[in-house]
Amino acid sequence: MQAMMLDRAGARLRLAEFPMPEPSPHQLRLRVLACGVCRTDLHIVDGELTDPKLPLVLGHEIVGRVEALGESVGGFAVGDRVGVPWLGHTDGTCPYCRNAQENLCDNARFTGYQIDGGYASYTVADARYCFPLPDAYSDAEAAPLLCAGLIGYRSLKMTGDAARLGIYGFGVAAHIVAQVARYQGRRVFAFTRPGDTRAQEFALGLGATWAGGSDELPPEKLDAAILFAPVGALVPAALKALRKGGVVVCGGIHMDDIPRFPYELLWEERVIRSVANLTREDAYEFLAFAPKAGVKTTVVPMPLSAANEALDRLRQGELTGAAVLIP
Ligand SMILES: [Zn+2]
Ligand SMILES: [Zn+2]
């Protein structure tokens with residue numbers, strides 16, 4: 001089998017050959033059909049997330065076909081198409097796991113970070129963290145649902161019933177969340193890099209009420225804002241756009257420093273919170289909901305060997321839609 005390996009932070013990925021992985025008792029062996037490229041992968045390559053296994057196979061939006069099953073696996077059969085997300089292991093016993101917050105598990109491990117992921121032709125994954133995928137999506141189209149979709153959906157839930165929703169950073173997660181929000185009858189206000197008219201048009205095409213630069217204020221106050229861009233300076237910018245009692249949800253795993261800002265921006269019960277990882281419950285809920293809501297994903301398929309180029313294009317903001325590697 002082939003995989004694109006990361007040897008150390010800052011290195012280019014290299015194509016390497018490996019023996020076929022054997023599933024342990026709880027694992028599936030999957031032929032990888034598609035694997036999405038996520039901004040988190042860039043944070044790992046850049047060393048901003050500091051606890052990867054090394055060398056590492058990146059990739060936590062894996063669509064795979066079951067080829068072999070460990071002896072303790074239930075609920076899957078050879079030939080099934082499954083999805084593998086970021087959450088790859090929890091202990092099931094810590095206070096968070098026992099309180100339906102397995103996304104915060106003290107001993108969690110993550111796919112494509114502490115467990116080898118899907119930038120590969122084959123992989124193994126713990127079946128207890130794999131999900132059947134809705135038939136409405138092709139292999140490539142299903143991939144972005146598994147992180148951008150799931151974590152975007154969790155972020156959206158954290159906004160409660162916000163009717164006027166701001167989204168800062170209009171990339172892959174935003175393009176999915178905007179469709180869900182529209183389906184739920186919310187109005188979407190999209191904020192992009194100043195002058196990025198292509199992203200603004202993309203947002204308007206997905207039903208956004210308004211699109212503009214992140215340096216602009218929306219035409220009316222927002223009930224909530226989700227930040228997908230990893231830019232700390234957007235936190236005070238978003239607070240300025242909120243009504244009293246509104247919430248800013250930071251949806252990314254990494255963000256640069258939040259600059260000092262006057263308390264006045266937070267006053268009147270405005271809230272700033274982050275969203276970390278996902279629970280399996282989020283995955284079941286979202287994967288059932290997405291096809292019902294008619295969520296479509298825009299993807300840019302690329303060969304596995306072009307993983308470095310895919311990461312470069314994501315970094316440059318050159319992609320409209322999600323890069324998806326096809327082995
Ligand atoms: Zn736990
Ligand atoms: Zn991700």
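Select helix α8, residues 307-315. Helices here are DSSP runs of H or I with at least four residues, strands are runs of E with at least two, and both are numbered from the N terminus. The buried residues of α8 pack against β1 (2-6), α1 (39-45), β17 (299-303) and β18 (322-326). Which residues of the helix are buried? They are Ala307, Asn308, Ala310, Leu311 and Leu314. Buried means under 20% relative accessible area, exposed over 50%, and partly exposed in between, with a 1.4 Å probe and protein chains only.

Now look down the axis of α8. Its buried residues fall within an arc of 160°, so they line one face of the helix. The arc is taken from the directions between the helix axis and the C-beta atoms. An α-helix has 3.6 residues a turn, so residues three or four places apart point the same way. Step past the helix to glycine 317, which follows α8 and has a positive phi, near 70°.

A word on the model before moving on. It is predicted: local features need pLDDT of at least 70, side-chain atom pairs count only at pLDDT 80 or more, and totals for chains, interfaces and linings use all residues. Residues are numbered from 1 along each chain as its sequence is written, chains are lettered from A and ligands numbered from 1 in the order in which they are written, and side-chain values use heavy atoms, without hydrogens and water.

Next, select the zinc ion (ligand 1). Which residues hold it? Asp91 (OD), Cys94 (SG), Cys97 (SG) and Cys105 (SG) coordinate this zinc ion, at 2.1 to 2.3 Å. Donors are N, O and S atoms within 2.8 Å of the metal (3.2 Å for Na, K and Ca); water is not among the atoms, so sites may look incomplete. Along the chain, the donors of ligand 1 follow the spacing D-x2-C-x2-C-x7-C. The site is tetrahedral, with angles of 97 to 119° among its four donor atoms. Cysteine 94 is buried at 5% relative accessible area, and cysteine 97 is buried at 15%.

Go to alanine 108, in the loop between β7 (87-89) and β8 (109-110). Alanine 108 is buried, at 15% relative accessible area. Leaving aside neighbours within four places in sequence, alanine 108 contacts Leu87, His89, Thr90 and Gln114. Contact means heavy atoms within 4.5 Å.

Select the zinc ion (ligand 2). Its donors are Cys38 (SG), His60 (NE2) and Cys147 (SG), at 2.0 to 2.2 Å. Their spacing in sequence is C-x21-H-x86-C. Cysteine 38 sits in the loop between β3 (27-36) and α1, and histidine 60 in the loop between β4 (56-57) and β5 (62-69), 22 residues apart. Both cysteine 38 and histidine 60 are buried.

The largest nonpolar core has 103 residues, and Leu28, Tyr119, Ile167 and Phe286 touch the most other members. Such a core is a set of buried Ala, Val, Leu, Ile, Met, Phe, Trp, Tyr and Cys residues joined through side-chain atoms within 4.5 Å. Helix α4 (residues 172-183) gives this core its largest share, eight residues. A second, separate core of 17 residues includes Leu222, Ala229, Ala241 and Leu242.

Conventions. Four donors count as tetrahedral if all angles lie between 85 and 135 degrees; four count as square planar and six as octahedral if opposite donors are over 155 degrees apart and all others between 65 and 115; anything else is irregular.
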